[in-house]
Amino acid sequence: MKFAHGASVRIASALLAGLVLASPVQTVAEVAAIPAAESDVPTLPASLDGAPIALMLDLGSGRVLFSREEDRRFMPASLTKLMTLYTAFEMLDEGLLQPEQRMAVRDETFREWSGKGSSMFVAQGTTVGVDDLLRAIPTVSANDGCVVLAEGAAGSVAKFTDIMNAKAKELGMNDSHFNTPNGWPDEGRTYTSARDLATLAKALITKHPQKYQRYFGIPKFTWNEITQNNRNPILGVVDGADGLKTGFTNEAGYGFVGSAERNGRRIVMVIGGTQSGRERKAIARDFIAWGFDSWRAHQLYGMNQPVAEVALQGGAERQVELKAQRPVFVTVPMGEDPQAKVSVRYRGPAEAPIAEGDQVASLVIETADGQKSTVPLIAAENVGEANWWQRLRNGLFSMVT
């Protein structure tokens, strides 16, 4: 693999003809995706007028294809359960939960939540496996299952929601707060935004790809001899659709966080505040089709392909190789020039030790129309701290380069 050289960064040759490799830039701040104004995007589906809150993100390029009231806080209803699932996924990775672990259905929990709203119909005095709860929650929106999981994982709902809020803060979800694990109406104490939900969906998909594949996109779920279908309005209808979650209460209206992937290109969308389930279904299907049909995605880097190298201080190696978590694309409206320039931005200097998978930098993609978006770059390898000989070697190299 050949690299275009910069002072402290080397960017791998991209696959797109005409791509301009900008001078690599070292910085202490990442460039945020710039939402497209309605006047700058391809003609929107008419049904989208029924969604006062809407956002679409192309994960491969980091480009926000459309946004409307993306920072407006609203009650998420059952979309809250995505945060519950993310928290559980994190606890599994941290060894605080095990898939085979059994959670008790407390008598008080059964009395309060048996058949209350969407339910998986847990039975009083029984136990439920974590793996079953994680399949039930996104598939049948199990209010009872969320409480059983929260109590079993953290000891109480309050302690679990504390963990949910800590995890949300780690993700930068600054317009969100969770007071329940299932989104049941709580006088507005649970709230979020479309931007935060897109951030959460991205984290579920990119940080936990195996768990996302296992627990999302299940067509139906059976528990206690009761079979229920998944309510996802694009699942089984839209090519490549595999997630994520619907939400509804009288106060919140009808919402949806959805995602689909085609040929390595993944789109995430959020809609909120629609007036009926039928309207939500039409908007969701039209909106996701618009994302794929009205925008062209040109691949720059493939899965696990080296994207850049950055200089490393105090390491056993003098550089660390970076890659993207997913294929990287340039996304432009259909018919527009796909030329773009890329640069690497990171908090420098990078310092050892670095573990494989650590986010080290961001790839900034600027298209010909001036839109900028970012894709995280992660370490492709472990690099430990330098020993005395390696420190000497690094010092000698720095004197002659």
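Which elements each supply at least two residues of the lining of the largest cavity? α6 (194-207) and β20 (372-379) do.

1. Basis. This is a predicted model: local features need pLDDT of at least 70, side-chain atom pairs count only at pLDDT 80 or more, and totals for chains, interfaces and linings use all residues. Residues are numbered from 1 along each chain as its sequence is written, and side-chain values use heavy atoms, without hydrogens and water.

2. Cavities. The whole structure holds four cavities of 30 Å³ or more. A cavity is a set of points, on a 1 Å grid over the protein atoms alone, where a 1.4 Å probe fits but cannot get out; lining residues have an atom within 4 Å of a point. A volume is the space filled by probe spheres set on the points, which are joined across faces, edges and corners.

3. Largest cavity. Its volume is about 80 Å³. Among its lining residues are K202, T206, R326, V375 and P376. Five are nonpolar, three polar and two charged. Ala, Val, Leu, Ile, Met, Phe, Trp, Tyr, Cys and Pro count as nonpolar, Asp, Glu, Lys and Arg as charged, and the others, Gly among them, as polar.

4. Second largest cavity. W184, D186 and E251 are among the residues lining it.

5. Largest pocket. A pocket is an open set with protein on both sides within 12 Å along at least five of seven lines. This one has a volume of about 1400 Å³. Of its 44 lining residues, T199, K202, A203, T206 and P376 lie nearest its centre. α6 gives the most, nine residues. Helices (H or I, at least four residues) and strands (E, at least two) are DSSP runs, numbered from the N terminus.
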